[in-house]
Amino acid sequence: MPDTTQATKARAGESQPLPATGKYLVQLSDDFFFKFLRMIVALVALFYVVQLLPKLSGVLTTLVAAILITAVLDPIVSLVERSNINRISAIILVYLLIFLGLSVVVRTSWPLISKQFTSLAHYFESMEADPSVSAFDISRFNLGKSIPFLNLPSVQEKITSNIESSLTEFLRILFDGVITVLSSVPYLIIIAFAVFFFLKDGWKIKRALIQSMPNRYFEMSLIILDKTTTQLSRYIRGQLIVSLAVGSLSIIALTLLGVRYSVIIGAVAGIANMIPYFGPIAGAIPAIIMGFMDTGSFAMVMAIAGAFAAIQLTENVLISPYVVARSVELHPLLIIIVILIGQALMGIWGMLLAVPVASILKVIISEIRWGILNYRLKDKELL
Amino acid sequence: MPADNGQFPFSTDSFWGNIFSRKSRSLDDITYTLSKSVLFASMNKAELQEFEKIIHRRTFKANEAVFWEGEPGVGMYIVKSGSVGIYNITPDHGKKEIAVLKSGEFFGELALLDDSPRSATCISKENSEIIGLFRPDLFGLLERKPRLGNKFLFQLATVIGERLREKNRELYAYKSKLDSTEIIV
């Protein structure tokens with residue numbers, strides 16, 4: 001091989017003669033041929049990957065879920081590892097703690113959850129059996145006293161059916177969501193295994209990924225990958241902690257106020273909280289409607305609204321400043337636009353995922369921009 | 001398998017070389033290279049193997065830049081085989097060689113402490129294999145194994161302290177020379 005000879009000569013301290021013109025041309029064309037071949041192979045591979053994507057959506061969802069859970073658990077495992085415990089034992093210990101924690105939570109709150117789900121299931125059954133029966137009759141609230149036009153039967157009927165259909169739709173989405181989660185237990189087992197191996201061998205995967213970068217981009221890629229993963233895992237952890245806190249506080253507040261389906265509605269308020277500005281309102285509305293429908297009292301509405309306001313205050317003052325990374329924050333106008341785009345593309349799920357996805361993209365783009373501005377990517381072999 | 005003369009099977013193309021070269025090597029030669037360096041001299045095999053998990057092996061062609069002056073520093077490098085030149089870029093865009101580093105020698109260690117811009121350019125003088133230890137990985141190790149991380153940092157501080165002492169001695173020598181010379185401005 002010509003390069004081997006050159007390298008050996010260089011090692012021996014000899015001067016390297018310039019290659020003959022013909023040889024140089026042959027080398028150039030070889031290089032060009034291999035680059036062209038690689039590009040073709042890469043394009044064909046990309047084409048097949050794009051073709052396969054819809055069929056692989058289940059695998060991708062599992063993988064994404066595993067990566068998100070790994071981002072949350074990795075610092076906890078590292079913390080356990082600090083006490084001179086090897087990584088595998090640390091992972092097993094964290095798994096055991098999570099299993100124990102979940103068992104305690106499920107065991108203590110199961111009667112309440114079960115009761116609410118049974119009641120919700122009965123409600124759907126009765127709706128399917130006789131759709132004309134209305135569970136939410138607005139006429140019994142005597143709203144006509146303060147708002148006279150509500151006395152008109154047609155207006156009452158219209159309002160009742162509108163509220164009922166949207167609330168029913170909301171509860172049905174939730175119910176179906178929970179059923180989907182429960183029915184995908186095999187997937188949860190796969191995710192648990194995937195998370196275990198991501199936690200154990202994540203460094204190998206990261207290193208293999210970075211190892212494939214050409215020298216010219218190596219340092220830049222390394223620092224971009226590190227900054228991006230650090231910010232994203234902090235963002236995901238922050239969102240999860242905030243959601244858990246808001247969800248738990250909402251469940252407690254709604255249960256104390258005696259709102260029907262408090263666990264389900266509180267859990268939704270926690271998840272919806274991930275959407276800035278809209279989330280907290282979207283989380284409170286079902287609770288307010290449910291409370292009002294059941295009691296017909298404005299005092300109840302005020303109590304629920306007050307409880308949600310207090311939860312938001314707690315979240316904004318005591319929780320978010322400590323757990324949510326400021327650098328990931330988006331401009332309010334951009335948030336509105338991405339939520340609308342998410343809604344147009346994927347409905348409710350799109351709205352929920354729009355802000356996290358946009359935040360992730362923002363981090364990746366800003367870090368790549370930083371790398372391009374700070375690293376010399378061209379003319380690296382000039383000297 | 002690496003050839004006895006140290007030639008890499010994929011040395012003509014660092015892209016593919018960096019991907020495939022790992023498969024053909026044992027871990028022991030890395031721990032051996034690390035143990036030769038003063039920064040790792042006091043570590044046992046198990047500790048060196050922990051570092052083996054966080055280091056990166058890179059192959060560079062002759063005249064290929066490892067990093068450029070002014071770029072944000074990410075970490076340090078140890079020359080495993082071959083040699084590298086450390087250069088300062090002159091105002092007329094030329095290069096002035098400051099040092100040549102060979103197998104076992106290390107450079108760029110200050111970048112482990114912060115991301116200040118690199119003070120010099122490093123270019124591989126021949127086909128070389130270089131081991132890189134980078135700040136994010138070291139910080140990860142400090143979180144997971146603080147005792148081992150601190151042991152390394154202490155060694156790094158000792159090396160930097162020794163260099164500072166040497167520079168102080170040089171400075172003192174220059175100052176004495178300057179004092180003994182009668183210069184009338």
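Predicted model: local features only at pLDDT ≥ 70, side-chain atom pairs only at ≥ 80, totals over all residues.
Now select the two strands themselves. Strand β3 of chain B covers residues 75-81, and strand β8 covers residues 128-134. They pair in the antiparallel sense, over six bridges.

**The largest core**

Next, show the largest nonpolar core, which has 37 residues. Select B:V66, B:M76, B:Y77, B:V84, B:C122, B:I123 and B:I130, the residues with the most contacts inside this core. Both chains take part: α7 of chain A and β2 (65-67), β3, β4 (83-89), β7 (121-124) and β8 of chain B each supply at least two residues. Which element gives the largest share? That is α7(A), with five residues.

Centre on B:V66. Leaving aside neighbours within four places in sequence, B:V66 is in contact with B:F60, B:Y77, B:V84, B:C122, B:I123, B:S124 and B:I130. Apart from this core lies another, of 30 residues; among them are A:I251, A:V268, A:A269 and A:A354.

**Along α7(A)**

Move to chain A and select residues 215-257, helix α7. The helix has 43 residues. From first C-alpha to last, α7(A) reaches 62 Å, close to the 63 Å expected at 1.5 Å a residue. Zoom in on A:S221: a kink of about 30° is centred there. Then go to the other end. Just after α7(A), A:G258 takes a positive phi of about 75°.

**Last stop: B:K36**

Return to chain B and pick B:K36, in helix α2 (residues 28-36). Why does B:K36 count as partly exposed? Because 14 other C-beta atoms lie within 10 Å of its own, and partly exposed is the class between 12 or fewer (exposed) and 20 or more (buried). Finally, draw a distance from B:K36 to B:K80. The two are 44 residues apart along the chain, and their C-alpha atoms are separated by 10.0 Å.

Notes:
Residues numbered from 1 in each chain as written. Chains lettered and ligands numbered in written order. Helix = DSSP H or I, 4+ residues; strand = E, 2+ residues; numbered from the N terminus. Expected span 1.5 Å × (residues − 1). Bend = angle between axes of the 7 residues up to and from the residue. Pairing = 2+ DSSP bridges. Core = buried A, V, L, I, M, F, W, Y, C linked by C-beta atoms within 7 Å. Contact = placed C-beta atoms within 7 Å.
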